[in-house]
Amino acid sequence: MTRRKYIINWLIVVFDIWLITYSFPIYATSTANPDYSRLQQFSFNDTIARIDLRISEFEKNGNRAELAKALTEKADIYFNHYAYRNALNLYLHAYDRDPRNVYVQDQIADCYFKLHDPVSAAKWFSRIINEPDLHPESKFEYAESLSMTGNYSESLHWFKQYLKE
């Protein structure tokens, strides 16, 4: 290996390490504050650490509803950072605490869809597809999942439903 290639490879490694360790900012608003339009900047790691503290507190207290909300909030942060596998695990834990939450089930299905698991995505979408407050994109993704699994007639039905909305 020439010296120039060695230096280029070394710079690539340093840059990759910087990308992994750099804490990218996210923006959050406080709904408890009347002036909730003011943005506060938190780093990703700080936000996750704060939510982890709340999760451990709710686990100790046995507050299942608040625990499910905190798990969902943490999962949403991972989901918005495209860490679908991490988000999926958290959504599944939140579903165990609150199985009636349609939003969590929709997010589970969406994670499976984005992780290219159409069989699991179709299973989760089928549980909630007739809910009135479901996003139209969920119907489209359900139709796509059915199409990928070979269920074309059902897929066509849900594509038509999506186009009606």
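1. Asp110, Lys114 and Glu141 are tied together in a network of salt bridges; a salt bridge here is a side-chain nitrogen of Lys or Arg within 4 Å of a carboxyl oxygen of Asp or Glu. Bear in mind that this is a predicted model, where local features need pLDDT of at least 70, side-chain atom pairs count only at pLDDT 80 or more, and totals for chains, interfaces and linings use all residues. Residues are numbered from 1 along each chain as its sequence is written, and side-chain values use heavy atoms, with hydrogens and water left out.

2. Helices are DSSP runs (H or I, at least four residues), numbered from the N terminus. Glu141 is buried at 12% relative accessible area, while Lys114 is partly exposed at 28%; buried means under 20%, exposed over 50%, and partly exposed in between (1.4 Å probe, protein chains only).

3. The structure has 5 salt bridges. One of them joins Asp52 to Lys74, with the closest N and O atoms 2.5 Å apart. Asp52 sits in helix α2 (residues 44-61) and Lys74 in helix α3 (residues 64-80), 22 residues apart. Asp52 is partly exposed at 32%, but Lys74 is buried at 12%.

4. Glu73 and Arg54 also pair up, at 2.9 Å from N to O. Here too distant parts of the chain are linked: Glu73 is in helix α3 and Arg54 in helix α2, 19 residues apart. Glu73 is partly exposed at 32%, and Arg54 is partly exposed at 30%.

Note on methods. Helix = DSSP H or I, 4+ residues; strand = E, 2+ residues; numbered from the N terminus.
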